[in-house]
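I opened my notebook to work through a few spots in this model. Here is what I looked up, entry by entry.

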Amino acid sequence: MESNSENVPSQNNERQRKVQSLNVATLPGLITFDPSSPPHSPNSPRKSRPMSMFIHPQERLASEQTTNSAMVAPEAPYSNNNMPFSFAPATNSEVDVASVNSFRTIDTNQTGDHESLSSDITDRANEPQGLIKLLCEIDGGLGIALERVKQGSSSAKEAATFLKKRAAIEDEYGRMMIKLSKSMQEGHHSNDTKQGSYGENWLYMLKLHESIGENRVKFAAAIQEISEEITALYKETDKSRKNLKDSSQKHEKAIQDSEQALEKAKNKYETHSEDWERTLLQKNGEVVPNLKPRTLTKAIFSKQPKSPTQLLKMEEDARNKAATANDTYKHHLSITNAARHEYYDIHLPRMVTALKDISDECDIGLQYHLARYTYLFENTMVSDALVISPANTEDGPSMRKIVEQINNEEDYYSYVQSYGAKAKKMKNHDIPYDQYNMSEQAISIINPKNVFGVDLAEQMRRDGHEVPLILMKCTEAIERNGGLESQGIYRVSGVQSNIQKLRALFDRNTETVDLSAEESSLDVNNITSVLKLWFRELPDPLFPREMYQNFINAAKTPDEKKRVLELHECVNNLPDPNYSTLKYLMGHLHKIVQNQDKNKMNVQNLGIVFGPTLMGSPVVAISNPVSLQNSSTAPTPYAASDSGGLNDMGWQCKVVEAILENYIAIFVE
């Protein structure tokens with residue numbers, strides 16, 4: 001390119017000499033002016049002529065000329081008679097635009113190229129979408145595409161400005177054209193215009209203009225028309241770019257607003273969830289863990305003790321707020337992800353594709369209009385033909401060739417690659433659902449493993465223990481804390497609030513209860529009371545109701561040895577869970593009896609305490625079992641009789657006394 005620029009001044013004299021020697025009147029196949037050709041419109045199919053149709057007459061002359069015979073120089077080389085076309089008279093000596101535009105319709109059949117420029121645009125649009133995919137994947141890809149369109153419109157504006165000034169200074173072409181060309185060369189790199197092959201060829205084209213120096217006023221109108229069309233192209237491109245930019249800003253603003261709303265909903269969800277956890281733990285008497293500081297209700301931090309009703313209401317309100325905040329958080333999360341999907345999967349590819357199409361249209365349109373200009377310029381300025389389009393290839397490419405060397409796709413690819421190498425990959429994946437993780441204490445409250453009021457066999461099957469864990473932990477704590485020597489053990493009741501607290505702990509998760517760490521365990525009476533409460537609330541007593549009468553009858557046997565044998569037989573007939581539980585309990589009570597001189601609890605006293613607790617009420621037959629089965633309170637045609645239990649209370653105590661007195665004989669030997 002640089003060598004071509006250096007050769008331009010040295011070639012002027014030779015080219016001028018050659019142009020004077022051409023007898024243009026005898027050149028075969030030259031273009032002639034058709035005055036009947038109508039002027040073209042911006043949508044004329046003539047605009048769709050491919051670049052290959054611009055075959056300069058001198059190129060055909062070089063291929064058809066067979067001899068180097070001398071040409072007679074014309075007397076007026078720049079008159080209408082010596083031009084490869086004729087100008088029709090026009091008002092105010094202006095160029096007939098229709099005749100200039102008619103050049104494009106001549107000799108297209110000689111090239112053998114019937115393909116239109118519109119099909120060329122379609123082929124470009126159907127090429128692989130690698131660049132579009134790349135722009136959609138990198139951060140700031142849309143801005144890069146917008147910037148590229150801006151460069152294209154700036155380049156179109158630059159070209160339109162050039163042609164407008166070119167038409168205005170035709171009468172002062174020599175000095176002013178050189179000045180303009182140099183100023184455009186100097187300002188090209190500082191302007192926001194395309195580089196690459198376009199920039200290189202554009203600069204070379206400006207250098208050729210410096211060597212022309214001849215004025216051509218007659219085709220100024222045609223140049224002005226091209227300038228107006230490029231200006232319209234620039235304005236339309238810039239308008240489309242601004243519309244897409246505004247649309248992208250609206251979509252991005254919508255996503256930002258949605259993400260901000262999501263973040264607020266998430267913070268609110270976490271705040272209310274922590275509020276709920278705190279109130280839940282406080283309601284159940286738990287130590288509130290050190291959570292992240294949040295804006296909580298003043299009532300939660302109040303040092304004044306709350307009643308169970310107040311705590312229950314506080315926990316219910318906090319739970320409702322947490323549930324509402326959770327629903328709001330999920331709702332905003334769904335909306336945000338949907339907006340992001342819509343933007344990254346639909347709007348972003350659509351806008352990038354539209355920007356690529358706009359850029360292609362601007363680039364191809366600009367290249368086409370520049371090609372029109374060069375073709376018109378070459379055909380009009382025959383006197384400068386050898387400057388613009390050298391006859392010999394060693395003299396450099398023609399201006400038309402220079403424009404054809406512009407590779408928009410390669411320039412676009414290089415431009416995107418220069419940004420793509422620096423940009424980081426866009427994070428367009430879904431935002432995952434961030435579930436709030438509660439503490440183990442809170443989870444055990446939500447999903448408790450109840451032991452009170454649960455069938456004995458079901459408890460042991462669920463927990464996988466041969467002896468209920470609550471019985472083992474309570475008896476061990478009693479024996480460990482001096483309960484064997486505590487006066488009135490099992491007869492003296494504990495504090496009701498501590499009993500309920502221990503009950504809640506066991507009902508939540510028996511395995512996590514550590515009675516050695518509980519303040520309420522300092523009083524063994526609290527532990528004995530909660531153990532008796534557990535036995536009383538068994539759906540079926542430790543001595544099953546179906547075997548109730550068997551135990552009562554055995555206790556009524558007057559002969560002591562026979563009574564022990566019958567009770568032993570009844571105990572052996574107990575279900576496995578009941579038998580193992582009774583054996584463990586009697587072993588514990590046997591230790592208490594052994595310390596009766598200190599705890600004042602003999603067999604009779606323990607029988608009075610545990611008789612009704614372990615025996616419950618007897619089973620009575622129901623006269624109308626059908627009506628009872630339809631009831632939600634009795635699944636079988638039998639029910640417990642409280643009156644029968646009161647009548648048999650003495651015998652219930654006798655059953656426990658007899659079994660406890662004969663613990664060794666029944667369970668050990």
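**Entry 1: threonine 557**

I began by placing threonine 557, which sits in the loop between helix H21 (548-556) and helix H22 (560-572). I kept in mind that this is a predicted model.

Is threonine 557 buried or exposed? I found a relative accessible area of 11%. Buried means under 20%, so threonine 557 is buried.

Next I followed its side chain. The side chain of threonine 557 reaches the backbone oxygen of asparagine 553 at 3.3 Å. I then looked for its contacts, leaving out residues up to four places away in sequence, and noted Lys562, Arg563 and Glu566.

**Entry 2: the chain overall**

I stepped back to the whole protein chain and noted 29 helices and two strands. Of its 669 residues, 47% count as buried. The accessible surface of the chain comes to about 33,600 Å², and carbon and sulfur atoms account for 50% of that.

**Entry 3: helices H19 and H20**

How do H19 and H20 pack? I looked up helix H19 (residues 496-508) against helix H20 (residues 524-536) and found an angle of about 60°, with the axes 9 Å apart. Roughly parallel would need an angle under 35 degrees, and roughly perpendicular runs from 65 to 115, so H19 and H20 are oblique to each other. I noted their crossing as right-handed.

Then I listed who meets whom. From H19 I have Asn498, Ile499, Leu502, Arg503 and Phe506, and they meet Asn526, Ile527, Ser529, Val530 and Leu533 of H20.

**Entry 4: lysine 598**

My last stop was lysine 598, in helix H24 (residues 596-599). How accessible is lysine 598? I found 44% relative accessibility. Exposed means over 50% and buried under 20%, so lysine 598 counts as partly exposed.

Which residues does lysine 598 touch, not counting those up to four places away in sequence? I wrote down Glu485 and Gln487. With glutamate 485, the side chain of lysine 598 makes a polar contact of 3.4 Å.

I also took a C-alpha to C-alpha distance from lysine 598 to glycine 488. These two are 110 residues apart in sequence and 9.2 Å apart in space.

Methods
Residues are numbered from 1 along each chain as its sequence is written. This is a predicted model: local features need pLDDT of at least 70, side-chain atom pairs count only at pLDDT 80 or more; totals for chains, interfaces and linings use all residues. Side-chain values use heavy atoms; hydrogens and water are left out. Helices (H or I, at least four residues) and strands (E, at least two) are DSSP runs, numbered from the N terminus. Buried means under 20% relative accessible area, exposed over 50%, partly exposed in between (1.4 Å probe, protein chains only). A polar contact is a pair of N or O atoms within 3.5 Å; within protein, one must be able to donate a hydrogen and the other to accept it, and residues adjacent in sequence count only if both atoms are side-chain atoms. Contact means heavy atoms within 4.5 Å. Accessible areas come from the Shrake-Rupley method with a 1.4 Å probe; for residues, only the protein chains shown count as cover. Axes are lines fitted to C-alpha atoms, for helices over the stretch in contact, and angles run from 0 to 180 degrees between N-to-C directions. Angles under 35 degrees count as roughly parallel, over 145 as roughly antiparallel, 65 to 115 as roughly perpendicular and the rest as oblique. A crossing is left-handed if the near helix is turned anticlockwise from the far one by less than a right angle, and right-handed if clockwise.
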